[in-house]
Amino acid sequence: ILNYDIMARFRRRTCIVLLLFILFVCSIMMALKTLRPDRAGFGDPFGLGLLPELQQRTVLLDSKQNSLNRVQGDTVTRVSILHSIAVNTMKASMPPVNKLGELSSPNYNFHIFYYTWYGNPQFDGKYVHWNHPLLPHWDPKIANNYPKGRHNPPEDIGANFYPELGSYSSKDPTVIEAHMKQMRSASTGVVVLSWYPPGMADENGEPTDDLVPVILDYAHKYNLKVTFHIEPYKDRDDRSMYHNVKYIIDKYGSHPAFYRHKTSIGRLLPLFYVYDSYVTIPEIWANLLTVSGSQSIRNTPYDALFIALLVEERHKHDIHRSGFDGMYTYFATNGFSYGSSHHNWASLKAFCDSNNLMFIPSVGPGYIDTSIRPWNNHNTRNRVNGKYYETAFSAALLVRPEIISITSFNEWHEGTQIEKAIPKRTGQVVYLDYKPHKPNVYLEITQKWSEKYRKEQEQWLM
């Protein structure tokens, strides 16, 4: 029994000791727990404040991690920046997409004379028109005082200005498109195409009728219309004109870019400019253009509006007698002829109004043809940095014309072009340029006056 009591007491003491030890351990754990910072998350070092060496190593690790994060962040940023630069560089180097919405709307009452007689070896096997001859004066005594010969492209061309596109070929599709885009940017609407019948050309050129379908297609792409400036080809008379007008309408009249003018009575008719019309006598024209004429085109499927060139004052009566529908003045030299003199436009418009004719004044940016007519200095008209052109537009708007024609888009020989030109110096030749303005300044001036004309025309019709 004694042994049993001793064993029982020993077990009680052992249990008490164990219980006290457990309580001691628990209290130690609770005490340590109170030392753990509240911000510590899972896996955070414990008691770092008590272990400076470990703390220093951990801070170093944190610092490296942060540096790595910053490097990664900076790398991402740099990659993003480089990507942006690359994209922008690609955009800059890529040709701009032609967005017609960004171009001024075409003004179909602004007609612009256009020439497709230029050629170069790449497209034509030789230079055409850029190598224009120096034309002698009709008086041999005067002619002897001036140089003779031809120009020698591409550095020496038959023009006082030099095109931005160089000595181009009118057959080059990229040139045709560039021209159509420029004309559209100028807010012109109708391309007046210099035209000779198939197989014919001017004395310095080559036949170009084969180009007409391409011109029409590119004009249509830019919502432009095309009409024809019928040149004084050999043996042009009432009969040949009837056949050539029929040819043009039959071959090109169904194209969506073929121009038709809406008359005051609502008819839609083709319109033809007839250059040097005064060379043919009124009686011959009347055969074609009056209802009773022997070759009358009136009231046939080939009826159209025919616009004659007025040079001298007396031509206005001949034009009326011939049966023409209107007159234009063509020349860009103010004072060169009666028709091209701005101060005569009011009386010409009054004559046309009283005789049911259209009056179409022709405005130009200036004139200089001394590269092909070196003796013709007296007809030069300085551009005065665009002021000459603006004066011509102002004079045209004063007479409230139904149509304004522009001489020219690219008649480089006579320096009437509004096509882009660049400064150029070569050998003994220093070409004129549009400085201090940009190469497109005359396109911009045209666009400005096209908008002004539209606004003023709205007032005229009220």
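The lining of the largest pocket divides into 15 nonpolar, nine polar and eight charged residues. Here Ala, Val, Leu, Ile, Met, Phe, Trp, Tyr, Cys and Pro count as nonpolar, Asp, Glu, Lys and Arg as charged, and the others, Gly among them, as polar. The lining has 32 residues, and Leu-135, Tyr-275, Arg-373, Glu-411 and Glu-414 lie nearest the centre of the pocket. A pocket is found on a 1 Å grid over the protein atoms alone: an open set of points with protein on both sides within 12 Å along at least five of seven lines. Lining residues have an atom within 4 Å of a point. The volume of this pocket is about 830 Å³. A volume is the space filled by probe spheres set on the points, with grid points joined across faces, edges and corners.

The model is predicted: local features need pLDDT of at least 70, side-chain atom pairs count only at pLDDT 80 or more, and totals for chains, interfaces and linings use all residues. Residues are numbered from 1 along each chain as its sequence is written, and side-chain values use heavy atoms, with hydrogens and water left out.

The second largest pocket holds about 650 Å³ of space. Its lining has 25 residues, and Ser-264, Leu-305, Asp-325, Asn-356 and Leu-357 lie nearest its centre. By class, this lining has ten nonpolar, nine polar and six charged residues.

A cavity is a set of grid points where a 1.4 Å probe fits but cannot get out. The structure has three cavities of 30 Å³ or more.

Next comes the chain as a whole. The protein chain has twelve helices and 15 strands. These are DSSP runs numbered from the N terminus: helices are H or I with at least four residues, strands are E with at least two. Of the 462 residues, 47% count as buried. Buried means under 20% relative accessible area, exposed means over 50%, and partly exposed lies in between (1.4 Å probe, protein chains only). The chain exposes about 24800 Å², and carbon and sulfur atoms supply 58% of that area. The areas come from the Shrake-Rupley method with a 1.4 Å probe; for residues, only the protein chains shown count as cover. Among contacts with a separation of 6 or more, residues 24 or more positions apart account for 72%. Contact means heavy atoms within 4.5 Å.

Which residues have the most contacts inside the largest nonpolar core? They are Met-180 and Phe-306, in a core of 103 residues. Helix H12 (residues 441-460) gives the most to this core, with seven residues. Such a core is a set of buried Ala, Val, Leu, Ile, Met, Phe, Trp, Tyr and Cys residues joined through side-chain atoms within 4.5 Å. Leaving aside neighbours within four places in sequence, the contacts of Phe-306 include Met-241, Phe-272, Leu-289 and Phe-324. Arg-298 and Asp-325 are also among them.

Most residues other than glycine have a negative phi, and most peptide bonds are trans. The bond from Pro-153 to Pro-154 is cis, with omega near 5°. Pro-154 sits in the loop between helix H4 (140-143) and strand S2 (162-163). The bond from Thr-407 to Ser-408 is also cis, with omega near 10°. Ser-408 belongs to the loop between strand S12 (404-406) and strand S13 (421-422).

Two residues show positive phi. Ser-187 has a phi of about 65° although it is not a glycine. Its loop runs between helix H5 (173-185) and strand S3 (188-195). Asn-299, also not a glycine, has a phi near 60°. Its loop joins helix H8 (282-289) and strand S8 (305-309). Is each side buried or exposed? Ser-187 is buried, at 0% relative accessibility. Asn-299 is exposed, with a relative accessible area of 61%.
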